[in-house]
Amino acid sequence: MDFFVQQIAAGLTSGAIYACVALGLVMIYVSTDHINFAQGEMAMFATYLAWAMIDAGLPYWVAFGLTVAIAFGGGLFIQRVVLKPLENAPVLALVVCFIALLSIFNALAGMIWSYTIKQFPSPFPARDIFGNGLVSVQQLGVVAVTLIMLGALTVFFRYTTLGLAMRAAAQNATSARLMGVRVSWMLALGWGLAAAIGAIAGMLVAPIVFLDPNMMTGILVYGFAGALVGGMGNPMGAVAGGFIVGVLENLVGSYVIGNELKLTFALIVVIGVLLLKPAGIFGRVIVKRV
């Protein structure tokens, strides 16, 4: 029983990180109908920036806040400078652009900081909460940071003018323009928020998996699986899907297939959802007249 509780706690910790990645993917998808394949590499690069600031002597939470701000600005810059000229381009051109961004961020990180694995500090003490080895402070801290961020985003999108404008632009760009909403800038803000969320995910996962340019490759697959399970068109559903995938892959890896095949399980989940329920558990099918 104790082992089962440990796996649930570890799964919720992983799920919190997958939820962040899934939310970043969904925020861009609902605005553009495209998947940002560079989401993981953008998060990894931001995490390296945080590591560099901490290594230079800045306190962890100061570096954390600065990294989130820099990631937000970077996402804004990418949308306005790189992607805005491709608004009317074919889908294939955008896919190639996303893959190019993935390769560029990975190569830049390796060139600047090398491919040597580095330790990333955790702000949470390495001890158990109850002294029985079931739940650690770090696990609880990761989940708490994720839930706080999700709560802040929920308040932002439901109760602020800017958040409502972003939702309107994502749901119906034409109507939003008629109401005076600057849709192009709302899209840029969405990219900035997605990049900032990705940076948080990267800084949460780095103390667990260590820091290297390829650390987000598998995490992106899990996040994508979580987004599909919850629903690519439903941000909160994608978050729930991230937690579901985190718990399931931990339990299945521990009791059924072994830890070596966890990533395979995530890919099976992706294929299964696409075949059986493409809209996801919490998503809904949208019919468009053409």
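The protein chain contains 11 helices and zero strands. The model is predicted. Along the sequence, the pattern reads α-α-α-α-α-α-α-α-α-α-α. The radius of gyration is 19 Å, close to the 19 Å given by the globule rule for 290 residues, so the protein chain is as compact as a globular protein of that length. Taken along the principal axes, the C-alpha atoms fill a box of roughly 60 × 45 × 35 Å.

Buried residues account for 49% of the 290 residues. Among contacts between residues at least 6 apart in sequence, 74% join residues at least 24 apart.

One helix pair was examined in detail. Two packed helices are described by the angle between their axes and the distance between the axes. Helix α5 spans residues 137–159, and helix α6 spans residues 161–171. Their axes come within 5 Å and cross at roughly 80°. On the α5 side, the contact involves Phe 156, Phe 157, Arg 158 and Tyr 159. These meet Thr 161, Leu 162, Gly 163, Leu 164, Met 166 and Arg 167 in α6. By class, the residues of this contact divide into six nonpolar, two polar and two charged.

Gln 7 lies in helix α1, which covers residues 2–32. The relative accessible area of Gln 7 is 12%, so the residue is buried, the cut-off being under 20%. Residues up to four places away in sequence aside, Gln 7 touches Asn 250, Leu 251 and Ser 254.

Backbone torsions were considered next. Most residues other than glycine have a negative phi. Ser 114 is not a glycine, yet has a positive phi of about 70°. Ser 114 sits in the loop between α4 (91–113) and α5. With a relative accessible area of 29%, Ser 114 is partly exposed. Phe 210, also not a glycine, has a positive phi of about 75°. The position of Phe 210 is in the loop between α8 (183–209) and α9 (217–230). Phe 210 has a relative accessible area of 39% and is therefore partly exposed.

How values were computed:
Residues numbered from 1 in each chain as written. Predicted model: local features only at pLDDT ≥ 70, side-chain atom pairs only at ≥ 80, totals over all residues. Heavy atoms only, no water. Axes fitted to C-alpha atoms, helices over the stretch in contact; angles between N-to-C directions. Helix = DSSP H or I, 4+ residues; strand = E, 2+ residues; numbered from the N terminus. Contact = heavy atoms within 4.5 Å. Nonpolar A, V, L, I, M, F, W, Y, C, P; charged D, E, K, R; others polar. Rg over C-alpha atoms; globule rule 2.2 N^0.38 Å. Buried < 20%, exposed > 50% of the residue type's maximum accessible area, 1.4 Å probe, protein only.
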